[in-house]
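Subject: Structure for your review

Hello,

The structure we discussed is below, together with its sequence. My notes on it follow.

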Amino acid sequence: MGDLISKDLILNWLKAWCISRDLPLPVEYKSGFKVDVGYPDQKQRYVFPELNDDFFQLSNEIDDTWIYLKFCGSPEDIKK
């Protein structure tokens, strides 16, 4: 994995993403953030500054559609 992106940078980017779409602001979710998007094709969005156990645990718990999981990293990181 590459250099860690700061959690504050991710939060500020995600706040701007929410404001630009008139969505609720993100809330902390473990080591990342959660946004209740509420779109038919995107119910929720989780964003993590790095690929970690919190990300993998959540990915194993989700059993619904249209929930997006994002992390800062390359596609190769998830394949490891």
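Which residues do ring pairs link into a cluster? The cluster consists of Tyr29, Tyr46, Phe48, Phe55, Phe56 and Phe71. Please keep in mind that this is a predicted model.

The aromatic residues

A search over the whole structure gives five aromatic pairs. A pair of aromatic rings is described by the distance of the centres and the angle of the planes. One of the pairs is formed by Phe48 and Phe55, with 5.8 Å from centre to centre and 80 degrees between the planes. That makes the Phe48 and Phe55 pair edge-to-face, because planes over 60 degrees apart count as such. Phe55 also pairs with Phe56: here the ring centres are 5.6 Å apart and the planes stand at 90 degrees, so this pair is edge-to-face as well.

Phe56 has a relative accessible area of 34% and is partly exposed.

The fold as a whole

The protein chain contains three helices and four strands. Read from the N terminus, the order of its elements is α-β-β-β-α-β-α. The radius of gyration of the protein chain is 12 Å, and the globule rule gives 12 Å for 80 residues, so the chain is as compact as a globular protein of that length. Its C-alpha trace spans about 35 × 30 × 20 Å along the principal axes.

Of the contacts between residues at least 6 apart in sequence, 30% join residues at least 24 apart.

Surface and charge

Buried residues account for 34% of the 80 residues in the protein chain. The protein chain exposes about 5300 Å², and 53% of that area is supplied by carbon and sulfur atoms.

As for charge, the protein chain carries 10 positive and 14 negative side chains. The centres of these two sets lie 3 Å apart.

Where to start

Regards

Notes:
Residues are numbered from 1 along each chain as its sequence is written. This is a predicted model: local features need pLDDT of at least 70, side-chain atom pairs count only at pLDDT 80 or more; totals for chains, interfaces and linings use all residues. Side-chain values use heavy atoms; hydrogens and water are left out. Helices (H or I, at least four residues) and strands (E, at least two) are DSSP runs, numbered from the N terminus. The radius of gyration is taken over C-alpha atoms; the globule rule is 2.2 Å times the number of residues to the power 0.38. Buried means under 20% relative accessible area, exposed over 50%, partly exposed in between (1.4 Å probe, protein chains only). Contact means heavy atoms within 4.5 Å. Accessible areas come from the Shrake-Rupley method with a 1.4 Å probe; for residues, only the protein chains shown count as cover. Lys and Arg count as positive and Asp and Glu as negative; His and the chain ends are not counted. The place of a charge is taken as NZ of Lys, CZ of Arg, CG of Asp or CD of Glu. Rings of Phe, Tyr and Trp (its six-membered ring) pair if their centres lie within 6.5 Å; planes under 30 degrees apart count as stacked, over 60 as edge-to-face and the rest as tilted.
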